[in-house]
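The following exercises are to be worked through with the sequence and the model in view. Each task is followed by a solution in steps.

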Amino acid sequence: MTGTNGTVRTDVRRTFDVYADADTAAVLATLPLSFRPVTVDRVPVRALSGGRGWVDTAAAAVQDGAVGLVVRHPAPADPADVLVLAELAGKHGTAVVLDSPWAGTPTAARAAEALRDTADADPASAIECRLSLPTDHDLGQALLDQLALLRVLGSPADEIRTHLRTERGVLATATAGGRTGLLGTVLTDALAPTASVRLIGAGRAVHLQIPSWRTARPALLTLTSPDGSRTWPTHYESPHRAAWRRLHRLLSASESPGFEAAAIADLHALAADLHTLGRATTHREGSP
């Protein structure tokens, strides 16, 4: 349809493909009904499931002329393939946003600042990231999600060692942001899905609690110090909706300097995390 000022608008409900699930459709229902495409002869945006084969599906969408893509919860893939997709998207000027259930929390920027301030005040601090997930969740996916969360919080992991892995959980250590990190995942149907990140120092601690991505319940960010406890203002928005707003901001700045790098930054970050995941080692009892 055409807007009152003559610009072309496309109903976003017609632009997400058949692989987008009901949760994505529910998020789209909360957004404005139209996006303004960068050019009128291209399909504005596409929503894709991040299940197996998502890289090929995304590449096909880019070649079909999509201006923007939102990939819902991307599964582990070959990092080389992800970099090829980033190069393809860069050539076509397509913005790609990865919709992560934990890293996509709108509280991430505030949490990253709080973590950075605490880490600067106590270089010996340690970071801990724990997930509680349903029993049908993949542990490899969970570890990748943790890496994405640590990265968006300013502590990307560059080394992982798995110490314990069972059918219901995994425990690993990582070097994250130059400090020791503990990564833990428990699969259980007795608890709602949650993520917890704590940075613990000698006199200060930061705690970020992220509730299930299926709700708009806000993440809780708390700083504890000798002066007491402070909780940041809450932000009621799901990571999925935040991902769509992020895509809108990217496309709105498509003519600005730095757009090309920002448009594919998520893909480069994912490729780096996949590379780290691929180099993960297993710690054996008795080894140093």
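**Exercise 1.** What volume does the largest cavity have?

*Solution.* The structure is a predicted model, in which local features need pLDDT of at least 70 and side-chain atom pairs count only at pLDDT 80 or more, whereas totals for chains, interfaces and linings use all residues. Residues are numbered from 1 along each chain as its sequence is written, and side-chain values use heavy atoms, with hydrogens and water left out.

Step 1. A cavity is a set of points, on a 1 Å grid over the protein atoms alone, where a 1.4 Å probe fits but cannot get out; lining residues have an atom within 4 Å of a point. A volume is the space filled by probe spheres set on the points, which are joined across faces, edges and corners.

Step 2. The whole structure contains 2 cavities of 30 Å³ or more. The volume of the largest cavity is about 70 Å³. Its lining has 14 residues, and those closest to the centre are Thr105, Arg217, Ala219, Glu237 and Pro239.

Step 3. By class, this lining of the largest cavity holds 7 nonpolar, 5 polar and 2 charged residues. Here Ala, Val, Leu, Ile, Met, Phe, Trp, Tyr, Cys and Pro count as nonpolar, Asp, Glu, Lys and Arg as charged, and the others, Gly among them, as polar.

**Exercise 2.** Which elements give two or more residues to the lining of the second largest cavity?

*Solution.* Step 1. The second largest cavity has a volume of about 50 Å³. Among the residues that line this cavity are Thr24, Leu48, Arg72, Asp99 and Trp244.

Step 2. The elements in question are helix H1 (22-28), strand S3 (45-49), strand S4 (68-72) and helix H6 (239-252). Helices (H or I, at least four residues) and strands (E, at least two) are DSSP runs, numbered from the N terminus.

Step 3. The lining of the second largest cavity comprises 5 nonpolar, 2 polar and 2 charged residues.

**Exercise 3.** Which residues are the closest to the centre of the largest pocket?

*Solution.* Step 1. A pocket is an open set with protein on both sides within 12 Å along at least five of seven lines. The largest pocket has a volume of about 560 Å³.

Step 2. Of its 28 lining residues, Leu98, Ala103, Gly104, Val152 and Arg246 are the closest to the centre.

Step 3. The elements that give two or more residues to this lining include helix H5 (139-152) and helix H8 (265-278).

**Exercise 4.** Are H5 and H8 parallel, antiparallel, perpendicular or oblique to each other?

*Solution.* Step 1. The axes of H5 and H8 come within 10 Å and cross at roughly 125°. Axes are lines fitted to C-alpha atoms, for helices over the stretch in contact, and angles run from 0 to 180 degrees between N-to-C directions.

Step 2. Angles under 35 degrees count as roughly parallel, over 145 as roughly antiparallel, 65 to 115 as roughly perpendicular and the rest as oblique. H5 and H8 are therefore oblique to each other.

**Exercise 5.** In what order do the strands of the open sheet of 3 strands lie?

*Solution.* Step 1. The order is S3-S4-S5, with parallel pairing. Two strands pair if DSSP finds at least two bridges between them.

Step 2. S3 and S5 are the edge strands, each pairing on one side only.

Step 3. S4 and S5 are joined by 5 bridges in the parallel sense; Gly68 stands opposite Ala95 in S5.
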